[in-house]
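Let's take a walk through a protein model together. Keep the picture in view and follow along as we go.

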Amino acid sequence: MATADQRTDANDVWLPIPPDEIDGLPDGLRYVHWDAGPDYPADPARCAFYAVPYMKGAEVSLRPLSLMSRVRVVQTLTAGVEHMLPGLERMPAGAQLCNARGLHDTSTAELALTLILAALRDIPGFVRGQDAGEWRHGFQPALADKSVLIVGYGSIGSAIEDRLTPFECARVARVARTARDTVRGPVHPLSDLSALLPDADVVVLATPLTDTTRGLVGPDFLARMKDGALLVNIARGAVVDTKALLAELESGRLRAALDVTDPEPLPPGHPLWHAPGVLITPHVGGPSSAFLPRAKRLLRDQLTLFAAGEPMRNVVATAD
């Protein structure tokens with residue numbers, strides 16, 4: 001372990017990507033690579049900037065924090081930070097927690113569109129037909145002329161609308177925590193949801209998981225969705241009341257395409273696996289070939305600000 005004098009010179013940066021693979025990192029900092037291995041690459045007490053390993057779980061990601069007595073920035077590579085919030089009490093006063101706003105817009109919005117199209121056009125049914133060697137010809141709904149409601153209109157929600165634009169939707173409605181105007185039209189507050197839901201053919205969940213949004217999609221929310229509507233969740237599983245959704249799926253009234261579930265991972269034998277009208281992907285909105293170049297760019301940009309003593313971007317919480 002480092003001496004007390006060494007700890008006053010905390011300038012280590014812990015990166016989950018090997019630093020020699022990130023072009024343009026600023027000088028004056030010492031970079032070490034740690035991607036959730038059992039051994040630490042350096043004394044945690046000398047860490048000033050901790051970039052959290054990607055999708056390694058809260059227990060592993062939080063483990064070194066109690067030893068990082070001089071950390072000033074904790075940077076996630078996820079848009080959601082709920083897994084790191086318990087670590088705020090382990091961080092020294094003034095340390096900032098930053099999320100990865102913008103990093104996953106491209107990949108997650110692409111998957112959202114994939115899920116919408118695949119569910120509407122019944123691609124899973126065609127795949128099952130191919131597996132069985134059966135020619136299952138049929139008439140399927142298109143995305144064209146549909147009304148889409150995006151719940152959670154941050155950078156990912158906006159990126160989803162970018163990709164919906166060429167598909168000739170009848171309408172795209174937007175909902176966020178607070179109302180505002182955009183070049184595309186108004187963003188409605190959450191309080192308007194009950195009035196907007198009955199008109200939506202497709203409801204896309206892109207909201208962060210907070211105390212307000214946990215269980216947001218419960219019996220009342222689902223009951224207000226129109227018959228035959230499609231629910232798409234690329235947010236967090238706990239935004240949806242799984243029991244309430246199962247009841248609607250099993251009745252055949254609603255359909256769903258889910259990249260996230262509650263519980264997650266979805267255990268073998270869970271009724272959601274085989275519920276009618278559901279398409280499930282295993283939380284793969286972020287992990288794609290689009291991730292690594294954007295993660296490197298985010299880390300380089302944030303570290304350039306950090307080295308220059310400039311304010312960090314994407315600060316979501318500050319330790320007391």
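**A guided walk through the fold**

Setting aside neighbours within four places in sequence, P16 makes contact with H33, W34, D35, A51, V52, P53 and L77. You'll find P16 in the loop between β1 and β2. Is P16 buried or exposed? Its relative accessibility is 9%, under the 20% cut-off, so P16 counts as buried. One of its contacts, V52, sits 36 residues away along the chain, yet the C-alpha atoms of P16 and V52 are separated by 6.7 Å.

Before going further, remember that this is a predicted model. The protein chain averages a pLDDT of 95, and 97% of the residues score at least 70. Residues 1-8 are another story: the pLDDT there is below 50, and this stretch has 9 contacts in the model beyond near neighbours in sequence.

Now back to that loop between β1 and β2, where you'll also find G24. Is G24 buried or exposed? At 52% relative accessibility, over the 50% cut-off, G24 counts as exposed. Not counting residues up to four places away in sequence, G24 touches R300 and T304. G24 and R297 are 273 residues apart in sequence, but 9.1 Å apart in space from C-alpha to C-alpha.

Next, look at the strands. An open sheet of 6 strands runs in the order β2-β1-β3-β4-β5-β14, and its pairing is mixed. Why is one side of β2 and of β14 left without a neighbour in the sheet? β2 (30-33) and β14 (315-318) stand at the edges with a single partner strand each, so one side of each has no neighbour there. From one strand to the next, the twist averages 20°.

Moving along, β3 (residues 47-51) pairs with β4 (residues 73-75) in the parallel sense over 3 bridges. There, Y50 has V74 of β4 as its bridge partner.

What about the two faces of β1? In a regular strand the side chains alternate between the two faces of the sheet. Both faces of β1 are covered: D12 and W14 are buried on one side, and V13 and L15 are buried on the other.

Now for a helix that rests against these strands. Helix α9 (residues 291-308) packs on the sheet, touching β1 (12-15), β2, β3, β4 and β5 (96-98), and its direction makes about 155° with that of β3. α9 has 18 residues and spans 26 Å from its first C-alpha to its last, close to the 26 Å expected at 1.5 Å a residue. Which residues of α9 are buried? They are F291, A295, L298, L299, Q302, L303, L305 and F306. Seen down the axis of α9, these buried residues fall within an arc of 155°, so they line one face of the helix. An α-helix has 3.6 residues a turn, so residues three or four places apart point the same way. What covers the buried residues of α9 includes β1, β2, β3, β4 and β5. Just after the helix, G309 takes a positive phi of about 75°.

There's another sheet to visit. Here 8 strands form an open sheet in the order β8-β9-β7-β6-β10-β11-β12-β13, with mixed pairing. Its edge strands are β8 (180-182) and β13 (278-280), each pairing on one side only. The twist in this sheet averages 20° from one strand to the next. Within the sheet, β11 (residues 230-233) and β12 (residues 255-258) pair in the parallel sense over 4 bridges, and N233 stands opposite L258 in β12.

Helices lie against this sheet too. Helix α3 (residues 105-120) lies across β10 (202-205), β11, β12 and β13, running at about 150° to β11. Helix α5 (residues 155-164) packs on the sheet as well, touching β6 (147-151), β7 (171-176) and β10, and its direction makes about 160° with that of β6.

Conventions:
Residues are numbered from 1 along each chain as its sequence is written. This is a predicted model: local features need pLDDT of at least 70, side-chain atom pairs count only at pLDDT 80 or more; totals for chains, interfaces and linings use all residues. Side-chain values use heavy atoms; hydrogens and water are left out. Two strands pair if DSSP finds at least two bridges between them. Axes are lines fitted to C-alpha atoms, for helices over the stretch in contact, and angles run from 0 to 180 degrees between N-to-C directions. Contact means heavy atoms within 4.5 Å. The expected span of a helix is 1.5 Å times one less than its number of residues. Buried means under 20% relative accessible area, exposed over 50%, partly exposed in between (1.4 Å probe, protein chains only). The arc is that of the directions from the helix axis to the C-beta atoms. pLDDT is the predictor's confidence in each residue, from 0 to 100.
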